Every structure is written in structure tokens, then in C-alpha cells.
Amino acid sequence: MINFLSNASGRHEKFPGINFRTLAASFVFYIQVYRDLALAGGVVDASRYSARRLLDEGMSLMLVPGGATEALYAKPRANTLVLNKRKGFVRLAIQSGASLVPAYSFGENDMFDQFAVDNSIVQWVKARFQGVFGISLPLLKSIIPRQCSITTVVGAPIEVEKNPNPSDDEVLEVLEEYKAALQDLFDEYKPVYAPDDDDLVFL
């Protein structure tokens with residue numbers, strides 16, 4: 001979010017003329033102060049209505065399709081994306097005729113470590129908690145992030161043909177194209193920015 005919403009990494013020069021917004025889960029806007037900081041930073045509700053309106057206004061939207069669920073798998077040197085069943089953002093892109101732009105941040109998962117990420121029972125409990133309360137519960141070993149470098153790489157846009165009523169097969173085809181583009185992007189830059197990391201995994 002800092003790389004795209006602020007100019008800390010020279011975003012204005014790298015992406016001139018593009019008006020960015022970041023989508024976040026609705027619960028973010030239920031928390032006072034946090035909500036105000038998010039809104040001031042250009043974060044908007046991830047509801048389908050809000051996203052469609054912003055696309056129709058010509059804005060570019062950033063989102064993490066895996067969302068809160070993906071955070072449960074985050075750990076140093078891991079690169080796990082919850083994406084196989086995330087079709088809503090693809091359907092929205094096709095309905096709006098908006099290009100999909102793959103991007104990946106190396107080093108982001110190195111900021112925190114979690115307890116028992118690979119324990120199936122713990123993962124089941126966290127999934128149940130998320131299902132009931134609507135938020136994920138990563139079991140962080142420390143609330144203070146490690147000092148690390150986060151490098152975001154951006155791939156070429158995937159253009160889609162606008163279709164107000166795309167079929168499930170059409171959505172799945174574009175999703176697979178998006179995953180392949182992410183894989184290519186990861187494979188290209190992993191030797192440069194994260195040579196010791198695990199390979200990319202799609203769930």
C-alpha cells in the first residue's frame with residue numbers, strides 16, 4: 001500500500017496520470033481512527049458496488065485477492081497465494097473492461113512470523129474464527145515488525161474484452177491467465193530479490 005498510495009517509491013514518476021485506490025475488507029471501516037487513517041490514505045470498501053463505481057470513474061484499483069485468508073499462511077520466505085477460487089475480481093474486471101495488472105511484493109512476508117502456520121488443526125481453528133467473525137487471526141510471534149526490504153514488481157497489463165455477463169468458463173480462463181502472469185513475474189524477479197525464498201504456491 002505504501003509503495004502504491006504514497007510517493008515513497010517514486011510512484012508518481014513510474015505511473016504518471018494513474019489515480020490509485022486500494023480495496024480493503026469492510027471491517028476496516030468499523031474501527032475508529034484506523035478507519036480515518038485508511039480513508040485519508042485512499043483506501044475504500046471492497047464491496048462490489050464501490051469497486052464498480054470507482055472503475056467506472058476511471059480509477060485504478062489495487063487489491064490482494066487472497067485477503068485476510070492469505071494472511072494466515074504468511075511466514076518468512078513463504079510465497080503462498082490464496083487465488084484458485086477468487087473469481088470475483090476477475091469477473092468485475094471483465095464486466096468493466098478493466099485490464100488486470102499482476103504485481104508481487106517480495107519480502108513482505110518477512111516482516112512477521114507466526115506460530116504453527118503448518119499445523120492443520122491450528123489452521124482449521126483460525127479458519128473457523130474467520131468464518132464466524134469475518135476477520136482473520138494470524139498468531140504473530142511479535143507485534144513489532146522486522147526491519148526488511150519490500151520490493152514490489154509490476155507486470156504487463158492483461159487486457160480483457162468487456163462483457164457485462166461473462167460466463168464461468170470465461171472468468172476461469174482469465175483467472176488462469178492472471179495466475180500464469182504472476183508466476184512468470186515471480187520467476188523472473190525471485191533470483192534478484194528473494195533467491196532463498198520458497199517457490200510460489202497457489203491455494
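1. Both Tyr-104 and Phe-106 are buried, where buried means under 20% relative accessible area, exposed over 50%, and partly exposed in between (1.4 Å probe, protein chains only). The two rings form an edge-to-face aromatic pair, at 5.2 Å centre to centre with 65 degrees between the planes. Rings of Phe, Tyr and Trp (its six-membered ring) pair if their centres lie within 6.5 Å; planes under 30 degrees apart count as stacked, over 60 as edge-to-face and the rest as tilted.

2. The model is predicted: local features need pLDDT of at least 70, side-chain atom pairs count only at pLDDT 80 or more, and totals for chains, interfaces and linings use all residues. Residues are numbered from 1 along each chain as its sequence is written, and side-chain values use heavy atoms, with hydrogens and water left out.

3. The pair Tyr-189 and Tyr-193 is stacked, because the ring centres are 6.1 Å apart and the planes stand at 25 degrees. Tyr-189 counts as partly exposed at 24% relative accessibility; Tyr-193 is also partly exposed, with a relative accessible area of 41%.

4. Tyr-104, Phe-106, Phe-186, Tyr-189 and Tyr-193 form one aromatic cluster. In total, the structure holds 7 aromatic pairs.

5. A further ring contact concerns a charge. The charged end of Lys-179 sits over the ring of Phe-202, 5.2 Å from its centre. The criterion is NZ of Lys or CZ of Arg within 6 Å of the ring centre and within 35 degrees of the ring normal.
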